[in-house]
Amino acid sequence: MEQLPIVRPGERVVARSDGKGGLILGVEKIQGREFAASAEVSGYVLDARLLLDVLGSLKAPGSWFQVWCKLMALQNANRADDNDRAVPRGFVKTSQRDLQTRCNLSAASVNEASQFFTHIGWMRTARRGTLQLNPWLTVAGTSGEQEKWQKLWNAAEGPVCIIPHPDYPTEWRQEREAERKVAEAARRKEKVVTLRQRRPVRKASA
């Protein structure tokens, strides 16, 4: 019988298919998998499964998922094209119009998705045309690179990360609609002052 792997503190056993009907046992570190509970974790973060589990539970429009998947795909982590990259690794060079084209969505759909993911702290605008996806949520580099991106996020006072429950998108939409109605009602109540037109002064005849 093959010897089982040694599991040390901060590690866990994982099982993967060998593609032939069998399993391969291995050990992986679990540090960094606490992002859902805390953003105090630093270093390498690798928890795509938890992120996909959260996304799979959200009752949100399909357009939101399209936008998020495109953003993740644009966050290229390969070093091979470092010299040709428009922005540093860990960041995304795009715009609302670019996302509209890539996702084949309307401006309103892309804008709503972007506002939602910014609201829950999954991304922030680093500068015009450049986004940073939350480094505690996305796999984008080595441990040292992750720590650097996390410091940049904190230094920029990036939004606090929220792991939303399934109905949160609906609640967020309802809150936004309620705020819009309050603002519209306040606008209508504003007192309108009609300015009286001054009559032109006629010159006295000689």
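The side chains of Arg187 and Glu184 meet in a salt bridge, with an N to O distance of 2.7 Å, and both residues lie in helix H6, three residues apart, which is about one turn of the helix. These values come from a predicted model. Arg187 is partly exposed at 49% relative accessibility, and Glu184, with a relative accessible area of 26%, is likewise partly exposed.

Glu184 also forms a salt bridge with Arg188, where the closest N and O atoms are 3.3 Å apart; here the two partners, again both in helix H6, are separated by four residues, about one turn of the helix. Arg188 counts as exposed because its relative accessible area is 65%, a value over the 50% cut-off for that class.

Glu177 is partly exposed at 33% relative accessibility, and Arg180 is partly exposed with a relative accessible area of 46%.

| Pair | N to O distance |
|---|---|
| Arg187 and Glu184 | 2.7 Å |
| Arg188 and Glu184 | 3.3 Å |

The structure as a whole holds six salt bridges, among them the one between Arg187 and Glu184.

Definitions and conventions
Residues numbered from 1 in each chain as written. Predicted model: local features only at pLDDT ≥ 70, side-chain atom pairs only at ≥ 80, totals over all residues. Heavy atoms only, no water. Salt bridge = Lys/Arg side-chain N within 4 Å of Asp/Glu carboxyl O. Buried < 20%, exposed > 50% of the residue type's maximum accessible area, 1.4 Å probe, protein only. Helix = DSSP H or I, 4+ residues; strand = E, 2+ residues; numbered from the N terminus.
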